[in-house]
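Subject: Handover of a structure

Dear colleague,

Please find the structure below for your attention.

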Amino acid sequence: MPSFGWRWLLALSSAPSFIVLVLYCLAPESPRFLCAKGRINEARNILEKAASVNGKLLPSGILVSDQTQDHSENTPLLSPRTDNAKSGSSSLLILFSRKLIRTNLLLWLLFFGNTFSYYGIVLLTSELSSDQSKCRGIALHSQKSQNSSLYTDVFVTSLAEVPGLIFSAFIVDRVGRKLSMVIMFVLASVLLLPLTTNQSNEILTVVLLFGARAFVSATFTVACIYAPEVYPTEIRTSAVGIANAIGKIGGMVCPLVAVGLVGACKQTYALIMFQVVILVSALSVWFSPFETNGMNLSETL
């Protein structure tokens, strides 16, 4: 980037995304979708291939689509939706019903806080490494070396997402979705705590930001697993989509707050704010009414 500019960095960073276009044709279609559309043979072929890969046998029975549903003595392999009268508007009514209002608010708070704190740590790293950080407080490098170290610091802290993913994969099924997110939120908050005392040790500061980013990114991974498991099938995609959208609002608000506070030499206030948001996110998970680990996905509310 110092040699070619941010445009080349953006172009090279987006290049791996084209791999998805190549792999897209290899991804199987949803058997549930195919069955709902009456494409029974395609759905069965995908299920048979999945069973073969996993060394299993399909249960006895037939696939039944919404169009061809009958009440024969054969047991269907994939049960279709039985209420075709429900439209998109009725799904939203279910989503905002009294039974789900608490779940909605807590999940929205989780996604908002998680995204806010994640981008806050990312922006905090770049702000503390750039030559714009002229304050006497926290700084990753001396004024002479800040420009050359900005990209190194961002790269190093970005690598934190790899151990974060590994750690989340290790504990998510062992301790449950809720407890794993609470643990990682608390650890992230603890790692940010020493930075509020104006740490001058460059290596320690990078290590603390590395660990905080690892745990915050890991909680987002678990949240993306947890949220779809909370909602029934009939509103799952709409509910998760709304929660993600609210999370994006947190990502938009964060730069205004983080950059503003750090630029005004109020790094300590920025760090305290991130810690509060992280702990509030942890509380939203703790008070969520459902633990979905080991449970079957519900079809209806």
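In which helix do phenylalanine 112 and phenylalanine 116 both lie, and how many residues apart are they? Both are in helix 6 (residues 98–129), four residues apart, which is about one turn of the helix.

Some notes on the basis of the values come first. This is a predicted model, in which local features need pLDDT of at least 70 and side-chain atom pairs count only at pLDDT 80 or more, while totals for chains, interfaces and linings use all residues. Residues are numbered from 1 along each chain as its sequence is written, and side-chain values use heavy atoms, with hydrogens and water left out.

Overall fold

The protein chain has twelve helices and zero strands. Helices here are DSSP runs of H or I with at least four residues, strands are runs of E with at least two, and both are numbered from the N terminus. Of the 301 residues in the protein chain, 38% are buried; buried means under 20% relative accessible area, exposed over 50% and partly exposed in between, with a 1.4 Å probe and protein chains only. Among contacts (heavy atoms within 4.5 Å) between residues at least 6 apart in sequence, 72% join residues at least 24 apart.

Aromatic pairs

The structure holds six aromatic pairs. Rings of Phe, Tyr and Trp (its six-membered ring) pair if their centres lie within 6.5 Å; planes under 30 degrees apart count as stacked, over 60 as edge-to-face and the rest as tilted. One of these pairs joins phenylalanine 112 and phenylalanine 116, which are stacked at 6.1 Å centre to centre with 15° between the planes. Phenylalanine 112 is partly exposed at 27% relative accessibility, whereas phenylalanine 116 is buried at 5%. Ring pairs also link Phe112 and Phe116 with Phe274 into a cluster.

Phenylalanine 167 and phenylalanine 215 form an edge-to-face pair, because their ring centres are 5.6 Å apart and their planes stand at 80°. Phenylalanine 167 belongs to helix 8 (residues 161–175) and phenylalanine 215 to helix 10 (residues 202–230), so this pair ties together parts that are 48 residues apart in sequence. Phenylalanine 167 is partly exposed, with a relative accessible area of 29%, and phenylalanine 215 counts as buried at 18%.

Helix packing

Helix 9 (residues 177–192) and helix 12 (residues 267–286) pack at an angle of about 165°, with their axes 9 Å apart. Axes are lines fitted to C-alpha atoms, for helices over the stretch in contact, and angles run from 0 to 180 degrees between N-to-C directions. The two helices, helix 9 and helix 12, are therefore roughly antiparallel, a term for angles over 145 degrees. Residues making this contact include Met181, Val182 and Phe185 of helix 9, and Leu271, Phe274 and Ile278 of helix 12.

Helix 12 also meets helix 11 (residues 236–263): their axes come within 7 Å and cross at roughly 145°. Among the residues that meet there are Cys254, Val257 and Leu261 in helix 11, and Tyr269, Met273 and Phe274 in helix 12.

Asparagine 41

Asparagine 41 is found in helix 4 (residues 40–53) and counts as exposed at 62% relative accessibility. The C-alpha atoms of asparagine 41 and leucine 63 are separated by 8.7 Å, with the two residues 22 apart along the chain.

Yours sincerely

Terms used:
Angles under 35 degrees count as roughly parallel, over 145 as roughly antiparallel, 65 to 115 as roughly perpendicular and the rest as oblique.
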